[in-house]
Amino acid sequence: MFQPRRGFNCHLAWFMLQTTLYASWLLGLFPFTFDSRRKQLKRSRWLLLYGFVLNHSLTMCLALSSHLASKQRRKYNAFERNPLLEKIYLQFEVTAFFTISVLLLMNVWKSNTVREIANELLTLEGQVKDLLSPKNCPNLNCFVIKKHVAVIGQLMISIYFCLRQENSYPKILKILCCLPSVGSQLIIMHFHTEIILVYRYVWLVNETLEESNHLSSSRIRALASLYDLLLKLSELVVANNDLQLILMLTIYLIGNTVQIFFLIVLGVSMNMRYIYLVASPQLILNIWDFWLNIVVCDSHCGDQTSKVLKLFTDLEHDDEDLEKSLCGLFSINYNMGFQMIITSFLYLVYLVQFDLMNL
């Protein structure tokens with residue numbers, strides 16, 4: 001699908017996508033096999049059952065570890081110093097567990113739609129060979145590499161701190177407890193891959209329209225039809241993943257708010273200033289990953305396509321919803337991202353004001 005592959009970035013992006021695919025198979029999050037004769041994906045009941053049993057078991061391990069950790073939570077000096085922090089942390093744990101469980105469940109429930117989207121993309125690849133010239137997409141490579149770097153960095157830091165915790169339960173249980181978090185990140189990676197593959201065709205349509213000075217009317221109509229198909233495909237992608245992505249973004253914001261408040265308690269109340277240096281990399285990666293989710297959904301490549309098409313044709317869009325879909329393709333945008341960040345900051349201010357006497 002990504003031929004031709006030239007350059008380091010392209011090979012690195014391809015390697016990262018392959019790693020995501022094999023990791024998803026290993027954790028039972030991609031219950032599909034490839035039919036080489038039909039060049040389509042088909043859902044495997046055995047892989048679906050394997051994934052359901054494995055992820056259900058891992059979720060139970062996560063619940064068990066949370067229960068064991070709750071008995072030792074009072075040993076933490078920060079929680080003894082600030083009871084409000086303990087209550088907020090407990091609520092965050094419950095919310096995170098609920099979100100991960102929902103993500104894993106919906107991955108099974110909506111697997112048929114994922115198969116439909118993937119097969120539609122595979123069909124498009126065969127149909128547009130003559131319409132669009134195959135070439136590398138630097139934007140696609142950039143999005144893939146940035147997202148993988150952010151996710152890998154977060155997972156490495158999370159696993160490190162998880163193993164470093166002074167708990168009585170064995171390390172194998174700690175490692176198993178990290179796998180549901182890995183699975184949830186892989187599910188979001190599936191969504192990102194679907195988005196950027198849709199955008200890939202839009203970028204290629206834009207380049208074809210801009211670089212070709214003399215296009216036949218039949219080819220222009222074919223490009224307009226292709227763009228209309230991409231709009232419909234994007235609507236299917238959003239309908240299938242909107243709830244999961246919003247849940248994940250919410251967890252990012254709640255987690256960052258709790259982490260910053262945790263740092264305030266440790267750094268200000270307990271005079272442990274070194275904690276700022278230790279926790280800063282994870283906080284920066286969390287914020288960067290959150291913003292990448294916004295950026296990839298608010299790439300205004302569709303706006304460029306609609307403007308270029310209007311230069312070639314008499315297209316007129318009186319419907320505001322259609323015009324909006326031409327510009328952003330996806331409902332999650334910068335305005336929504338800024339509103340979520342401002343809301344998170346206000347909650348942090350409220351926490352500090354409410355608990356100022358304990359700081």
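1. A cut-off to begin with: a residue is called buried under 20% relative accessible area, exposed over 50%, and partly exposed in between. Asp228 has 37% relative accessibility, so this residue counts as partly exposed. Please keep in mind throughout that the model is predicted.

2. On to the overall fold. The protein has twelve helices and two strands. Reading from the N terminus, the order of elements is α-β-β-α-α-α-α-α-α-α-α-α-α-α. The protein has 359 residues, and 48% of them are buried.

3. How many salt bridges does the structure hold? There are two. In one of them, the side chains of Asp289 and Lys147 come together at 2.6 Å, N to O. This pair connects distant parts of the chain, with Asp289 in helix α9 (residues 274-297) and Lys147 in helix α6 (residues 138-164), 142 residues apart. Are the two partners buried or exposed? Both Asp289 and Lys147 are buried.

4. The other bridge brings us back to Asp228, whose partner is Lys232; their closest N and O atoms are 3.6 Å apart. Here both residues belong to helix α8 and are separated by four residues, about one turn of the helix. Lys232 has a relative accessible area of 52%, so it is exposed, whereas Asp228, at 37%, is partly exposed.

5. Helix α8 also holds Val265. With 0% relative accessibility, Val265 counts as buried.

6. Searching the whole structure gives three cavities of 30 Å³ or more. The largest cavity contains about 130 Å³ of space. Its lining is made up of 16 residues, and those closest to its centre are Asn107, Val114, Ile187, His190 and Asn241. Two or more lining residues come from each of α4 (83-109), α5 (111-127), α7 (171-211) and α8 (217-269).

7. At 30% relative accessibility, Tyr334 counts as partly exposed.

8. A last point on backbone geometry. Most residues other than glycine have a negative phi. Lys39 is not a glycine, but has a positive phi of about 55 degrees. Where is Lys39 found? Lys39 is in the loop between β1 (32-35) and β2 (40-43). Its relative accessibility is 56%, which means that Lys39 counts as exposed.

Definitions and conventions:
Residues numbered from 1 in each chain as written. Predicted model: local features only at pLDDT ≥ 70, side-chain atom pairs only at ≥ 80, totals over all residues. Heavy atoms only, no water. 1 Å grid on protein atoms, 1.4 Å probe; cavity = no way out; pocket = protein on both sides within 12 Å on 5 of 7 lines; lining within 4 Å. Points joined across faces, edges and corners; volume = space filled by probe spheres on them. Buried < 20%, exposed > 50% of the residue type's maximum accessible area, 1.4 Å probe, protein only. Salt bridge = Lys/Arg side-chain N within 4 Å of Asp/Glu carboxyl O.
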